[in-house]
Amino acid sequence: MRFFKGPLSAAVASQLLALLILLSAVRFFDGLSLATWQLLLVQGALAAIISRPFGMANWWLVLHLLFPLLLWLAMSWQIPSWIYLAAFIVTLLVFWNSAGERVPLYLSNQTTWRALSDLLPAQDSFRFVDLGSGLAGTLSYLAQQHPEGEFVGVESAPLPILLARLRCGQQHNITLLRQDMWSLNLAPFDVVYCFLSPEPMPKIYVKARKEMRPGSLLISNSFAVQGCEPDQVLELDDRRRTRLYLWRM
Ligand SMILES: C[S@@+](CC[C@H](N)C(=O)[O-])C[C@H]1O[C@@H](n2cnc3c(N)ncnc32)[C@H](O)[C@@H]1O
């Protein structure tokens, strides 16, 4: 199924194939005596089944199942078309990297902030970077706890970086860069933190090994790197049992 590159094209292909099968069935069985909402659920279920060989994550099944029905409901409410456009633009500005990089926006929780804080030097100055800093909640907390540290956030999505700048404007030890994380040199940093997805982790690890100084620390929230044993794994006491993977360079 390599022809359909990326989850979006696979999702569109699944829905179109499901629609085609459903239309053929309706013709063949002379109308199928089902209500519209039932037909739409059947299409959603077919799309969910068809999407399996594409190797899409499990949550796509729910999206596939409900998508035709929700689309129909939205159309029947006669919502003005500019609202769809506005929603699309906001989604694009927030989830800038989701399709290409396969890294959506979700945030580190406060238990993680505290665990990270415990890992940072208590007195000495140091440099910390959050690769894909999102709304900069992690940076804002750590910068308050460690006024002697220098904190850098790199974020490429336009809306999160704007909100992060508003949030951290008064914090003198935070620098926020609207930049692709791959173009940032990691050599100046004592601690590199990331909370991304399984997709970019092998490349992040190779970049870290190449650029980070001996003794510096790479921390990945939740995502390990296959075949690269971390020096330490911390399991946090939160609801999702967050794991922090630590590699000392
Ligand atoms: C899961 S969020 C983590 C947010 C924040 N680090 C935290 O822990 O709360 C990942 C962020 O990485 C950003 N991102 C993904 N790829 C990126 C890239 N190539 N360059 C910069 N930021 C990127 C996304 O836009 C998203 O905001």
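With 16 C-beta neighbours inside 10 Å, Leu119 counts as partly exposed, because a residue is called buried if 20 or more other C-beta atoms lie within 10 Å of its own, exposed if 12 or fewer, and partly exposed in between, with C-beta atoms placed from the backbone. What you're looking at is a predicted model, where local features need pLDDT of at least 70, side-chain atom pairs count only at pLDDT 80 or more, and totals for chains, interfaces and linings use all residues. Residues are numbered from 1 along each chain as its sequence is written.

- Leu119 sits in helix α5 (residues 110-119); helices (H or I, at least four residues) and strands (E, at least two) are DSSP runs, numbered from the N terminus.
- Follow the chain for 100 residues from Leu119 and you get to Ile219, yet the C-alpha atoms of these two are separated by 9.9 Å.
- The protein chain is split into domain 1 (7-78) and domain 2 (110-248), with bounds that come from an automatic or database domain assignment.

**The core**

- The largest nonpolar core has 40 residues, and Val129, Val192 and Tyr193 touch the most other members.
- A nonpolar core here is a set of buried Ala, Val, Leu, Ile, Met, Phe, Trp, Tyr and Cys residues joined through C-beta atoms within 7 Å.
- Strand β4 (residues 191-194) gives the most to this core, with four residues.
- Take a look at Val192: leaving out residues up to four places away in sequence, Val192 touches Val129, Leu131, Leu186, Ala208, Met212 and Leu218.
- Touching, or being in contact, is about two C-beta atoms, placed from the backbone, that lie within 7 Å.

**Around the ligand**

- There are 24 residues around the ligand, and Asn97, Ser108, Gly132, Gly134 and Ser156 come nearest.
- To be near a molecule or strand, a residue needs its C-beta atom, placed from the backbone, within 6 Å of it.
- By type, the shell holds twelve nonpolar, eight polar and four charged residues.
- For that sorting, Ala, Val, Leu, Ile, Met, Phe, Trp, Tyr, Cys and Pro count as nonpolar, Asp, Glu, Lys and Arg as charged, and the others, Gly among them, as polar.

**Leu93, over in helix α4**

- Leu93 is part of helix α4 (residues 81-94).
- With 14 other C-beta atoms within 10 Å, Leu93 is partly exposed.
- Ser156 is 63 residues away from Leu93 along the chain, but their C-alpha atoms are separated by 9.6 Å.
- Not counting residues up to four places away in sequence, Leu93 touches Ala157, Pro158 and Leu159.

**How the strands pair up**

- Strands β1 and β2 run parallel and pair over five bridges; two strands pair if DSSP finds at least two bridges between them.
- In that pair, Arg127 stands opposite Glu150 in β2.
- Five of the six residues of β2 are buried, so β2 is largely enclosed by the rest of the structure.
- Strand β5 (residues 217-221) is joined to strand β7 (residues 243-248) by five bridges, and the two run antiparallel.
- Within β7, Arg248 is the bridge partner of Leu217.
- Strand β6 (residues 232-235) also pairs with β7, in the antiparallel sense, over four bridges.
- Here Glu235 has Arg243 in β7 as its bridge partner.

**Loop spots to check out**

- Ala136 lies in the loop between β1 (127-131) and α6.
- Its phi is near 65°, and that's a positive value in a residue other than glycine.
- Ala136 is buried, with 26 other C-beta atoms within 10 Å.
- Arg241 belongs to the loop between β6 and β7 and has a positive phi of about 50° although it is not a glycine.
- With 9 C-beta neighbours inside 10 Å, Arg241 counts as exposed.
- Asp237 is in the loop between β6 and β7, and with 8 other C-beta atoms within 10 Å, Asp237 is exposed.
- From Asp237 to Ser216 is 21 residues in sequence and 25 Å in space, C-alpha to C-alpha.
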